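Visitor: Could you take me through the sheet and the ring contacts of this model?

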Amino acid sequence: MELAGTDHRKKARGAFYTPRAVASRLVEWAVRTPDDLVIDPSFGGSMFLELAGERLAALASGRLPQPVVGVDVDPGAIQSGYDSGRLRRARLIEGDFFTLEPADLPAFTCNIGNPPYVRYQSWDHANSRAHAVAKQMGVPLTRLASLWAPFILHGCRFLQRGGRLAQVLPAELLHSQYAKPVTEYLATAFSRITVVVFDERLIPDALEEVILLFADGFGEGPSRGIRILSYQNLAQLQLSDLESDAPGNFQRGQALLSVLPPEAQHAYEFAAAHAQTLGSMASVNIGAVTGANEFFLRTRAEVAERQLAPELFTSVIGKASSISGAVLDDKDLDRLAAAGRPTELLLTRNASSDHLRTIAPLIAEGEAKGYHTRYKCRIRSPWWAVPLPSGGVPHAFLTYMSNAYPRLALNRCMAVSTNTVHNLFLNDAAVAPLLAAGFYNSLTLLSAEIVGRSYGGGILKLEPTEAERLLIPPLPAVLAEVLPCVDSAIRAGDLGKALDLVDSVVLAPLGLTCERHYRPSRCSRITRPSAASEGERKAHQWQLTRLPLTESLAILAASRSGSFEASQSLFLDAVRAIRPACGEWARDAGRHSERQRRLLQ
């Protein structure tokens, strides 16, 4: 796991250690007899091994307990483990866990630990033994997979029949697409699986939201599904609750949806049945990968002052913050240029020798600063020849990482973008202005909260494959007329006004009325329709409205941003576990930031 403020050596290995109280509960559940054989494949601070050794000794009642086995790539962890004096009966193995085979060690009854959470950007996939092991097991992992995923898979190979897996894992296990093959494997390999989530963070300083995985009966599956249990904090966890044979209640892709109020679930499923995915109407690709944006992106003023050939530059969007509305046009680029923002991307494809001579000093400066040695640059020839984004000039842009909500903008200025912004290429270009307006509806933005993933600071991230799963309702031609108003509302930061405009056009025809019954005021505590008067409930109980979608969107976006405590306790247990890094919610639900007030307008 990754902690704020820890040293780079640990971060590179993803090695951050588990509090004793957390490790103790996992060990207590997993180690049941003095004959249990325990392994921790990435023991780091040796907390799990120490506790397992203590429990084995207590269970042995004076007999010599079984030794515990630990593996770690860090020589310092090995030395510390032996020097501590607390691992009297332990076999510590220095090396890469993925170089070991089950035949090298005895078959274990317990695999306990906290695997490294190294993200995919930090490890070599092309030559990865970890990926090779996963593929060998019939569980191919995508390039997005964090290192904990193959650690769990490979660790299962060392278990004997009936063995147990007890792990501290990131909440990505529940919501990320790359983890889907892992959960499917676990559900097949084990007879009973429980995931425990908590309202309070298990490790307060961790950048990752973590959950506890308890898997029992290896080789005796399949299970009846993955069961989710929720507690306020670790002290409330009852290990006896893990012994239930009740069927699982977890469905990937439905985790957040399942904790919405019933009226919101009904409205969402009703609207989704009439919607299509963004991927069915467009391909979503990353923008240009330069390898050194600070070199390849230049200001207009610099291009003119240094007399660089303008033919070598094309308009570019370098940051999501450059997208301020539902339309991106030449006036936007002019404003960015006037503010000194880099709006020109160096593209030398098919350039003449005369034009290239104008950038020779620029290239020399880049080499003096070492840009040519950066990975993406050094694998190109020449290093300064950035390829155009796949597909060329996109029809629209979609923010890759967003704060309040994702933004989609029609590309009227024929710009390209860097890979900080997604490029949309529509099957039918005529639909682009309709999509630019129609994107800002309650169904689509709520689906972004459900399929996307959150990171520290409340950032919502949409990978291309996740963006392609966004739900888009039917887009009538009248949206072209609505687009200017939607654009103005988004630029003004008034998402509520944009939702009012677009929902009335795209959701009302589906039967989701846009009436304002039960609508919360700007600064009021968020209330569910059930909080309305009994008479109002009876009068409208059979009426489908878009309000549950809008309300749920506001709650999920606000909880992701960590600005207030949502009044619905229904969300408290699951939202924080499945949405990582929601942050500590403020205690006063009536005290909203300006961003959340706009969401609720």
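A short exchange of questions and answers follows.

Guide: This is a predicted model, in which local features need pLDDT of at least 70 and side-chain atom pairs count only at pLDDT 80 or more, while totals for chains, interfaces and linings use all residues. Residues are numbered from 1 along each chain as its sequence is written, and side-chain values use heavy atoms, with hydrogens and water left out.

Visitor: Which strands stand at the edges of the open sheet of eight strands?

Guide: Strands here are DSSP runs (E, at least two residues) and helices likewise (H or I, at least four), numbered from the N terminus, and two strands pair if DSSP finds at least two bridges between them. The order is β3-β2-β1-β4-β5-β7-β6-β8, with mixed pairing. Two strands have a single partner each, so one side of each is left without a neighbour in the sheet: β3 (90–94) and β8 (226–231).

Visitor: Which residue is the bridge partner of alanine 166 in β7?

Guide: Strand β5 (residues 159–170) and strand β7 (residues 210–216) pair in the antiparallel sense over six bridges. In β7, the partner of alanine 166 is phenylalanine 214.

Visitor: Is the pair of phenylalanine 97 and phenylalanine 158 stacked, edge-to-face or tilted?

Guide: Rings of Phe, Tyr and Trp (its six-membered ring) pair if their centres lie within 6.5 Å, and planes under 30 degrees apart count as stacked, over 60 as edge-to-face and the rest as tilted. A search of the whole structure finds twelve aromatic pairs. In this one the ring centres are 5.1 Å apart and the planes are at 35°, so the pair is tilted.
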